[in-house]
Each structure stands twice: as structure tokens, then as C-alpha cells.
Amino acid sequence: MWKRVQVGEKVGYGMKDSKEIPDYYRRIYEKWYNWFSYIYDPFVDVLFLFLNGGFGGERRWRELIVEWINPQPGEKILDICSGTGTLTIILGKRLAGTGEVVGIELSPAQLRIALGKEKPDGVSFIEGDAQNIPFSDCYFDKSVICGALHELPREVRRNVLSEAYRIIRPGGKIVIIEQNKPDLKWKALLFDFMERFNPEYPTYKDLLKCGLTNEIKRVGFRIIRTDTTSWEYFQIVLGER
Ligand SMILES: C[S@@+](CC[C@H](N)C(=O)[O-])C[C@H]1O[C@@H](n2cnc3c(N)ncnc32)[C@H](O)[C@@H]1O
């Protein structure tokens with residue numbers, strides 16, 4: 001079950017009581033995002049003020065994603081697990097109405113924040129589960145997944161990555177940014193300590209254990225480039241279908 005939503009529309013009704021809302025989400029995140037979504041944007045802002053060593057930290061890694069995905073006029077781009085829509089909107093501005101940018105997001109609370117923002121032409125949001133993306137094979141030129149895979153249990157994470165592979169055309173690109181385990185022990189311990197207070201701690205550990213690039217490769221993508229950013233808090237990967 002999914003629904004395309006527009007500014008001013010009520011969300012949370014398309015899927016209410018649907019069995020298709022995954023169990024993990026109901027158990028761990030439904031209530032969490034109902035309140036966290038209100039402070040999500042300022043929280044991310046403040047977190048990266050420290051991690052990037054100054055103002056504009058969040059903007060810098062979001063711009064890095066845009067630089068790596070390199071949107072071209074007329075392209076179709078899917079933002080998977082789009083949250084409050086910050087990146088979706090940045091991508092839409094870059095395409096300036098010439099293409100299509102779609103965000104798919106499960107949490108009605110997160111979507112409500114996204115829908116309250118000013119959207120450029122060509123941007124839309126879908127309320128739905130990224131394990132089941134409502135587009136045909138190879139529909140999109142490119143896709144991004146930003147800071148979401150670490151929240152997903154292994155099976156869900158793999159389903160989402162397989163769906164990303166399915167909807168991107170051959171030769172199309174994907175950029176994924178996720179938490180990283182730095183080589184420096186004290187830094188790795190510090191990041192681990194920060195994550196301990198989050199509900200996603202077990203799935204975060206599992207992603208680090210499996211390895212982000214391994215997970216991306218196992219669904220069929222070819223890895224083109226990897227790097228770290230924000231004091232090595234994040235790893236960023238560019239893949240090609
Ligand atoms: C940490 S947030 C990242 C949001 C956004 N990508 C950003 O850059 O700020 C992770 C998001 O993934 C969403 N999510 C989790 N499971 C999902 C699923 N199966 N399908 C779609 N969205 C999902 C959550 O509701 C949450 O908004």
C-alpha cells in the first residue's frame with residue numbers, strides 16, 4: 001500500500017492499520033518519529049555543527065552527496081527514506097523543474113515536516129515502504145539513500161537495496177551515505193557511545209559488521225568510489241547499476 005502526497009494533504013491515512021507497515025518500524029520507530037520529527041532538522045544541524053567543526057556542517061555533506069550524484073537536467077532521481085525531505089528538495093532545486101525528484105518515506109510524522117517545506121517544481125513525496133517501491137523496473141536514472149540503512153534490520157536493509165537496484169536503469173548511479181567506523185580507536189569508541197542512546201543501535205552495529213560496500217555490492221551494484229566525511233563520522237559510496 002502506498003500513496004503519493006502533496007502539500008496540505010493529510011498523511012498517515014494511506015497506510016494506517018495496514019499490515020504492510022513493517023513490524024520493525026511499528027516496534028521501534030513509529031512512536032519515536034512521532035516526536036523526534038519535530039526536532040529532527042535542528043538536531044541534525046547541531047550534531048554536524050560539532051562533527052564538521054563549525055556552522056554549515058550538515059549543508060557540506062548534503063552538498064557532497066549532490067556533487068557525487070551529479071544531477072543532470074531532465075533526470076529522474078529517487079530519494080529513498082527521504083525523512084523530512086531536506087535532500088529531496090536540494091536535488092529538486094538542482095534540477096530546477098527539468099526532471100523529477102521523488103522522496104519515499106514511511107513515517108507520516110517525518111513526511112508532514114517535508115510537506116510543510118517549500119517544494120521546487122518536479123518534487124513529490126510518496127508515503128510508503130521502500131521495500132516495495134511503486135515504480136517500474138529501471139524507471140529512475142539515479143537514487144540516493146541518506147543516513148537510513150543503519151536504521152533497518154538486515155533483511156529490510158537488503159530488501160531496500162534490492163529495490164533500489166531494480167528501479168535504477170542500467171548504467172544509473174546510486175549514492176549512499178551512512179555512519180562509519182573510523183580506524184582510530186578513540187574516535188570509533190566515541191561514535192559507538194553516541195549511537196548507544198539511539199533506538200537503532202543494534203541495526204547500526206549490524207551494518208558496520210556486514211560492511212556498507214559489501215551490502216551494496218551483494219545486490220548487484222558496482223562500487224565506483226568511496227570516501228569519508230564529517231570527521232569520518234560518515235562513509236559515502238557511489239555505485240553504478
Ligand atoms: C535518519 S532518517 C534519514 C532521513 C533523510 N534521508 C535525511 O537525509 O535526513 C531515516 C528515515 O528512514 C525512514 N524509514 C525507515 N524505514 C523505512 C522504510 N522501510 N521505507 C521508507 N522509509 C523508511 C524513517 O522513517 C526515517 O525518516
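Biologist: Which element gives the largest share of the shell around the ligand?
Modeller: This is a predicted model, in which local features need pLDDT of at least 70 and side-chain atom pairs count only at pLDDT 80 or more, while totals for chains, interfaces and linings use all residues. Residues are numbered from 1 along each chain as its sequence is written. Helices (H or I, at least four residues) and strands (E, at least two) are DSSP runs, numbered from the N terminus. The largest share of the shell, three residues, comes from H1.

Biologist: Which residues around the ligand are the closest?
Modeller: A residue is near a molecule or strand if its C-beta atom, placed from the backbone, lies within 6 Å of it. The ligand is surrounded by 23 residues, and the closest are Cys81, Gly83, Ser107, Ala130 and Cys146.

Biologist: Which elements give two or more residues to the shell around the ligand, and how many of the shell residues are charged?
Modeller: The elements giving two or more are H1, helix H3 (86-95) and S3. For the classes, Ala, Val, Leu, Ile, Met, Phe, Trp, Tyr, Cys and Pro count as nonpolar, Asp, Glu, Lys and Arg as charged, and the others, Gly among them, as polar. The shell has 13 nonpolar and seven polar residues, and the charged ones number three.

Biologist: How is H1 oriented to helix H2 (residues 57-69)?
Modeller: Axes are lines fitted to C-alpha atoms, for helices over the stretch in contact, and angles run from 0 to 180 degrees between N-to-C directions. Angles under 35 degrees count as roughly parallel, over 145 as roughly antiparallel, 65 to 115 as roughly perpendicular and the rest as oblique. The axes of H1 and H2 lie 7 Å apart at an angle of about 90°. The two helices are therefore roughly perpendicular.

Biologist: Which residues of H2 make the contact with H1?
Modeller: Residues are in contact if their C-beta atoms, placed from the backbone, lie within 7 Å. H1 brings Val44, Asp45, Phe48, Leu49 and Leu51, and H2 brings Gly57, Glu58 and Trp61.

Biologist: How is H2 oriented to H3?
Modeller: The axes of H2 and H3 are 11 Å apart and the packing angle is about 50°. That makes H2, relative to H3, oblique.

Biologist: Which residues of H3 does H2 meet?
Modeller: On the H2 side stand Arg62, Ile65 and Val66. Their partners in H3 are Thr86, Leu87, Ile90, Leu91 and Arg94.

Biologist: Is the crossing of H1 and H4 left-handed or right-handed?
Modeller: The axes of helix H1 (residues 23-51) and helix H4 (residues 108-115) come within 8 Å and cross at roughly 30°. H1 is therefore roughly parallel to H4. A crossing is left-handed if the near helix is turned anticlockwise from the far one by less than a right angle, and right-handed if clockwise. The crossing of H1 with H4 is right-handed.

Biologist: Which residues of H4 make the contact with H1?
Modeller: H1 uses Tyr33, Asn34, Ser37 and Tyr40. H4 uses Ala109, Gln110 and Ile113.

Biologist: Which are the edge strands of the sheet?
Modeller: Strands pair if DSSP finds at least two bridges between them. Eight strands form an open sheet of mixed pairing, in the order S1-S4-S3-S2-S5-S6-S8-S7. Pairing on one side only marks the edge strands, S1 (3-5) and S7 (222-229).

Biologist: Which residue of S6 is the bridge partner of valine 144?
Modeller: Strand S5 (residues 140-146) and strand S6 (residues 168-179) pair in the parallel sense over six bridges. In S6, valine 144 has as its partner valine 175.

Key: Contact = placed C-beta atoms within 7 Å.
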